[in-house]
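Here's a quick briefing to read with the structure open beside you. Let's go from the big picture down to a few spots worth a look.

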Amino acid sequence: MPNELLLAASGLLAGAFGALLGLGGGILIVPILTLGFGVPLPAAVGTSLISVIATSTGAAAINVRAGRADVRLGITLAAGTVVGAVTGGILAGFVPERIVAGLFALLLVYTGVTMVRGLFAGGRGEDPAAVDPSAPDGPSAPAYRTRRLPTAIAGSFVGGNVSGLLGVGGGVVMVPLMHLVMGAPIKVAAATSNFMIGLTAAAGAFAYLFRGDIDARLAAPVILGVAAGAALGATVSGRIGTRPLVGLFVVVVAYVAVRMALLALGAA
Amino acid sequence: MSASSRRAGARSFEAVATILRLGTLLAVVVIATGLAWALATDAPARTDETVLELVGDGGPDAVIGIGLIGLALVPIGALAAAVVTFARAGERRPLAVAASVLVLMLATLVAAFGIGAPGA
């Protein structure tokens, strides 16, 4: 099978998985490119960032139109993530690959643990009446009140930094931040994070694009696969139970985390 | 909360959603066209070049490069649409925040462009 088809198939898998589990897909794209295709880590991170924009913007269009994403909150927090992503993108040019691999392994472990905890939490404490950001008391204001904005903006900087440095959307940081720290309903947090990922990833991707760290011929099939996979995942998401998927995801993430840790230790 | 207010809330960001949807679609089509051209002509891949060098050199990789830049610009377009939406609604605080983030994004773009420009 030609390399382009394999790359597109990998992107499809990452995009579909990402859409089904509420992730950008970058958490899978970087390891697939690095461990599966032998792509250097900076190029894998840059390719992942630009691919993540496609998943985010495609899904965000639906979430914004449906009123699920809180655009005001997303843009406010984007002030932190954009600065963080730019800083991360610049830092990536100086940080040794092995350290980036080690940080990615830690991110994978954190993501896996978060997903498992989410399974057992099962939407506990959710107020159904509050899960509707499209109830404006002004032209676009949500019905609920968020809190701890300065803390959240500082946390957003960290989320953006993780995104720019490791090539992920930053949703693994932003969703818990909006839900647990700011008190936004979980569905709103997920949809808003999805909207923000495009802005964050674009800010980080500029540095990679203009530095020559994104191989166009590598990125093109991945982006096409990811875009198709995200659309497929969004289409079937209502018909597939997420529990078995999360279980599979955690197994994959554990395996990839070990491989990335070995890469960090110079043993891979 | 009435049904009409819900519809109004979603409708207020209609332009943002439209730019996100159409921009993504357009960028993906351009990237697909460039890749199809490259595969059809068996054109050798040009690696280790910045996106601006790719675009300047022409050929299928230039088309892919234009698609990549276009894709990265989609969120900025959506942000600009949000700025217009807040301005029309007279919402000063979100307008100031959105405009600041837009300026930040544009500054990032210009800075990155400066770093990657041929001869820089």
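Predicted model: local features only at pLDDT ≥ 70, side-chain atom pairs only at ≥ 80, totals over all residues.

Chain A comes out with 10 helices and zero strands, and chain B meets chain A through 57 residues of its own and 49 residues of chain A.

- Chain B has an average pLDDT of 85, and 86% of its residues score at least 70.
- The stretch to watch in chain B is residues 1–7, where the pLDDT is below 50. Beyond near neighbours in sequence, that stretch still has eight contacts in the model.

**Chain A at a glance**

- Walk along the sequence of chain A and you get α-α-α-α-α-α-α-α-α-α.
- Chain A has 268 residues, and 60% of them count as buried.
- Take the contacts in chain A between residues at least 6 apart in sequence: 83% of these join residues at least 24 apart.

**Where chain B touches chain A**

- The contact uses 57 residues from chain B and 49 residues from chain A.
- On the chain B side, the elements giving two or more residues are α1 (3–11), α2 (14–41), α3 (51–57), α4 (60–89) and α5 (92–116) of chain B.
- α2(B) gives the largest share of that side, with 14 residues.
- Sorted by class, the side of chain B that touches chain A has 38 nonpolar, 12 polar and seven charged residues.

**Helix pair α3(A) and α8(A)**

- α3 (residues 41–66) and α8 (residues 186–211) of chain A pack at an angle of about 150°, and their axes are 7 Å apart.
- Because an angle over 145 degrees counts as roughly antiparallel, α3(A) is roughly antiparallel to α8(A).
- Their crossing, α3(A) over α8(A), is left-handed.
- From α3(A), the residues in the contact include A:G46, A:L49, A:I53, A:A60 and A:V64. Across from them in α8(A), the partners include A:A191, A:F195, A:G198, A:A205 and A:Y208.
- By class, the contact of α3(A) with α8(A) has 14 nonpolar, seven polar and no charged residues.

**Helix pair α6(A) and α7(A)**

- The axes of α6 (residues 149–166) and α7 (residues 171–181) of chain A come within 9 Å and cross at roughly 165°.
- That angle makes α6(A) roughly antiparallel to α7(A).
- Here the crossing of α6(A) and α7(A) is right-handed.
- On the α6(A) side, the contact is made by A:T151, A:A152, A:G155, A:S156, A:V158, A:G159 and A:V162. α7(A) brings A:V173, A:M174, A:L177 and A:V181.
- The residues in the contact of α6(A) with α7(A) split into seven nonpolar, four polar and no charged.

- You'll find A:T235 in helix α9 (residues 216–236) of chain A.
- Is A:T235 buried or exposed? A:T235 counts as exposed, because it has 11 C-beta neighbours inside 10 Å and the cut-off for exposed is 12 or fewer.
- A:T235 and A:A54 sit 181 residues apart in sequence, and their C-alpha atoms are 16 Å apart in space.

How values were computed: Residues numbered from 1 in each chain as written. Chains lettered and ligands numbered in written order. pLDDT = per-residue confidence, 0-100. Contact = placed C-beta atoms within 7 Å. Helix = DSSP H or I, 4+ residues; strand = E, 2+ residues; numbered from the N terminus. Buried ≥ 20, exposed ≤ 12 C-beta atoms within 10 Å, placed from the backbone. Nonpolar A, V, L, I, M, F, W, Y, C, P; charged D, E, K, R; others polar. Axes fitted to C-alpha atoms, helices over the stretch in contact; angles between N-to-C directions. Parallel < 35°, antiparallel > 145°, perpendicular 65-115°, else oblique. Left-handed = near helix turned anticlockwise from the far one by under 90°.
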